Structures are given as C-alpha cells and as structure tokens.
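Please keep the sequence and the structure in view while reading.

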Amino acid sequence: MSRRASFIDRGLGETRGGVLLDDRPERLFVVRDDAPQRLRLGARLRARVRHVEPQLGIAFLDLGEGAEAILPFKPDARPRQGEALEVEIRVEPRAGKLATLRALGPAQGEPALLAQAPDLTEVLAGFAGDENPVTGAEARALADEAEAEALQTVHPLPGGGTIAIETTRALTSIDVDVGDRKGGEVKRVTRQANLAAITEGARLLRLKGQGGLVVFDLAGRGHDGTALMNAMRAAFQPDNPGVAIGPVSRFGTIELTVPRRAAPVLDTLCDAGGRLTDRSLAQRLIRRMEAEAAANPGARLQVRCAPAVAEAAAPLLESLAGRIGRRFEVSPEAGRGREAFEVSAS
C-alpha cells in the first residue's frame with residue numbers, strides 16, 4: 001500500500017510544502033509572501049460582474065485590487081453585468097490564463113476578499129492525511145529535492161528507460177523512451193517501461209502541477225490495452241474527480257484530461273522562457289546564506305552574485321539579518337552568471 005507524508009519549509013519570503021509518495025516527491029507548492037491572497041485556490045471573495053460573453057458561456061468578474069477572473073455559467077444562470085456575487089477560486093491562474101470561479105450566491109458591496117484560502121498545512125493534510133508535516137532542516141532538503149525534480153524535463157524510469165515531459169499552450173506530452181534495446185527481451189522491457197511510465201508520469205504531473213490535456217506517447221507497438229487502462233486508472237485515481245481517459249490509439253498514444261486546480265509550480269519558479277526567475281534565484285541565494293551562517297557561527301559572509309539576483313534578494317536581507325545577524329556583505333558583479341553566485345565565510 002502506498003504511504004504518503006508531508007513536509008513544510010517556512011523560509012524567508014516563501015513557504016514550500018509538499019507531499020511524499022513512498023518517500024518520493026509527489027506534490028510541491030511554493031507560496032511567496034507577496035503573492036495575491038485573493039487568487040489562491042479556495043479563497044472566497046465578493047466580486048462584481050464586469051463583462052458577459054453569452055456565446056462563450058463565461059463572465060469576467062472584478063475581484064478588486066486589479067485582479068479579475070472568469071465565471072463559467074449555464075444558459076439558465078447567466079449573470080447580469082454589474083451585479084455583485086460571492087465567489088470562490090476554483091482554479092488558480094496560470095501563465096496566460098485567468099483564475100476560474102465558482103459562484104456561491106448573490107452579494108452586496110464592492111469587491112473584497114472575504115476569506116483567505118486554506119493554510120498550506122491544511123492543504124497538505126488533505127492530500128497526505130498527515131497532521132504533523134516534517135519541518136526544519138529535513139523539510140528544506142526535501143523541498144530542494146522536490147523543486148529540482150519538478151524542474152527536470154527528462155526523468156529516469158525504474159528498470160531502465162526515460163520519460164520526457166513537455167508542456168505547450170495546448171497540452172502536455174509524455175514521451176516514453178526505452179533506449180536501444182535488441183533481442184528477445186525487447187517486448188517485455190517495453191511493456192514494463194510503458195507501465196512504469198504511466199505510474200511515474202502521473203506522479204510527476206502532480207509534482208509539476210500540470211493538468212488539462214495530456215498525451216502519453218508509448219514505446220513500441222502491439223500494446224496490451226487492458227493492462228494499460230488498468231494502470232492509468234490506478235495511477236490517476238488521486239486526481240479524481242474529473243479524470244477522463246481515452247483508449248490506446250492506433251498510433252500508440254493515450255489521451256486523457258486531468259483537472260487543473262492549483263497553478264503549476266513552474267509558473268512560480270520560472271519565467272515564460274522556462275528559466276528560473278531572478279526571484280527564484282534570490283530565494284536560493286538566501287537559503288545558501290542561511291546554511292553558510294549555520295555552518296560558520298560568528299563568521300562574516302561574503303556574497304558575490306549577478307546584479308539582477310542581488311536586486312531581487314534586497315527586500316529579504318533585512319529579515320535575514322534578523323535571523324543570522326548583520327554579518328554579510330552582498331557584492332553584485334556585472335558579467336557574473338545569474339546562477340553562479342558564491343557565498344564564503346571569513
């Protein structure tokens with residue numbers, strides 16, 4: 001039977017929490033302190049209908065403080081432009097897409113946040129059934145491991161082979177590769193790799209926070225449709241309700257849809273080009289400084305980093321001084337690579 005546990009790393013400027021499935025990262029959430037609370041999953045708001053698109057069956061709602069979201073509606077429940085509604089965030093915004101709302105009923109007054117989203121500890125307990133997440137240094141190491149795996153594109157499969165997970169605006173593809181195999185073992189190895197790819201692919205999609213249309217490009221030919229469908233149902237059961245799985249196609253692919261709820265973690269960590277943002281690198285720098293300070297009590301820290309990373313880290317340095325004291329000097333260096341920062345003790 002699968003075992004799940006949770007961890008939570010409360011750092012400066014962000015909190016990272018996640019779920020482990022049999023000691024491997026399965027979910028990761030990165031909540032920045034300056035992220036808008038009114039756009040988090042489960043937040044309850046009073047909103048005002050700004051514009052209605054009857055042909056599309058959606059309305060655009062003003063949530064206040066410059067935030068907006070969409071509300072899908074049925075023909076017999078069309079909202080009126082200008083009316084106030086109480087709503088809940090059902091799907092968080094992601095790159096190029098607004099948040100999606102669920103209507104709770106009529107309201108009165110201007111747009112406002114009525115109730116914040118559940119705390120991350122509550123969210124993790126819902127997934128792991130664990131009221132006491134791992135914290136401290138162990139949680140930080142687990143969060144680092146989960147973040148590193150979420151950022152990868154190509155992932156190894158147990159028993160050999162790899163899967164590559166890539167996302168476009170339209171869909172997420174999972175390509176299964178067994179490598180250059182020959183001989184009588186090819187069929188058995190290919191079957192095992194495809195089954196492993198389904199299990200690993202489901203875990204990794206949850207870790208990355210990816211959903212929507214997903215296409216598995218299986219290895220080999222002559223697939224056992226029954227075995228593959230059973231594996232798919234078991235692997236994606238934690239994502240229900242709302243998972244829909246298609247049959248194995250003549251081209252050796254399986255299409256499915258996975259409900260989107262929380263925003264993909266890569267939307268927080270990376271820019272539109274897939275690179276870590278200056279803020280994400282600044283968070284890594286702050287963690288490195290904390291680790292160096294703990295390893296060298298009383299020593300002065302010399303930090304060298306790219307100017308953009310230093311600028312992103314600047315708002316966090318006052319809080320860092322409260323933790324480790326004012327015993328560091330940050331020196332921006334023009335021409336230094338964004339990820340090539342150095343922290344040394346003297």
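E65 is exposed, with a relative accessible area of 75%; exposed denotes over 50% relative accessible area, buried under 20%, and partly exposed the range in between, with a 1.4 Å probe and protein chains only. The residue belongs to the loop between strand 5 (58–64) and strand 6 (67–72). Although E65 is not a glycine, its phi is positive, at about 55 degrees. The model is a predicted one, in which local features need pLDDT of at least 70 and side-chain atom pairs count only at pLDDT 80 or more, whereas totals for chains, interfaces and linings use all residues. Residues are numbered from 1 along each chain as its sequence is written, and side-chain values use heavy atoms, with hydrogens and water left out.

D22 also has a positive phi, near 50 degrees, in a residue other than glycine. D22 is found in the loop between strand 2 (14–21) and strand 3 (24–32), and it is partly exposed, with a relative accessible area of 34%.

The protein chain as a whole contains 7 helices and 18 strands; these are DSSP runs, with helices (H or I) of at least four residues and strands (E) of at least two, numbered from the N terminus. Along the principal axes, its C-alpha atoms fill a box of roughly 65 × 65 × 40 Å. Of its 346 residues, 45% count as buried. Contact here means heavy atoms within 4.5 Å. Among contacts between residues at least 6 apart in sequence, 65% join residues at least 24 apart.

Helix packing can now be considered. Two packed helices are described by the angle between their axes and the distance between the axes. The axes are lines fitted to C-alpha atoms, for helices over the stretch in contact, and the angles run from 0 to 180 degrees between N-to-C directions. For helix 3 (residues 186–208) and helix 4 (residues 225–235), the axes come within 9 Å and cross at roughly 20 degrees. The two helices are therefore roughly parallel to each other; the classes are roughly parallel under 35 degrees, roughly antiparallel over 145, roughly perpendicular from 65 to 115, and oblique for the rest.

On the helix 3 side, R191, N194, L195, I198, T199, A202 and R206 meet A227, L228, A231, M232 and A235 of helix 4. By class, this contact has 8 nonpolar, 2 polar and 2 charged residues; Ala, Val, Leu, Ile, Met, Phe, Trp, Tyr, Cys and Pro count as nonpolar, Asp, Glu, Lys and Arg as charged, and the others, Gly among them, as polar. Within helix 4, A227, L228, M229, A231, M232 and A235 are buried. The buried residues of helix 4 pack against helix 3, strand 13, strand 14 (244–248) and strand 15 (253–258). In the loop between helix 4 and strand 14 lies P241, and the peptide bond from N240 to P241 is cis, with omega near 5 degrees.

Leaving aside neighbours within four places in sequence, E149 is in contact with R24, P25, H155, R203, L204, L207 and K208.

What remains is the nonpolar interior. A nonpolar core is a set of buried Ala, Val, Leu, Ile, Met, Phe, Trp, Tyr and Cys residues joined through side-chain atoms within 4.5 Å. The largest such core has 64 residues, of which F216, F236, L285 and M289 touch the most other members. Helix 7 (residues 307–324) gives the largest share of this core, 9 residues. Apart from it lies another core, of 19 residues, including A43, L45, L85 and A117.
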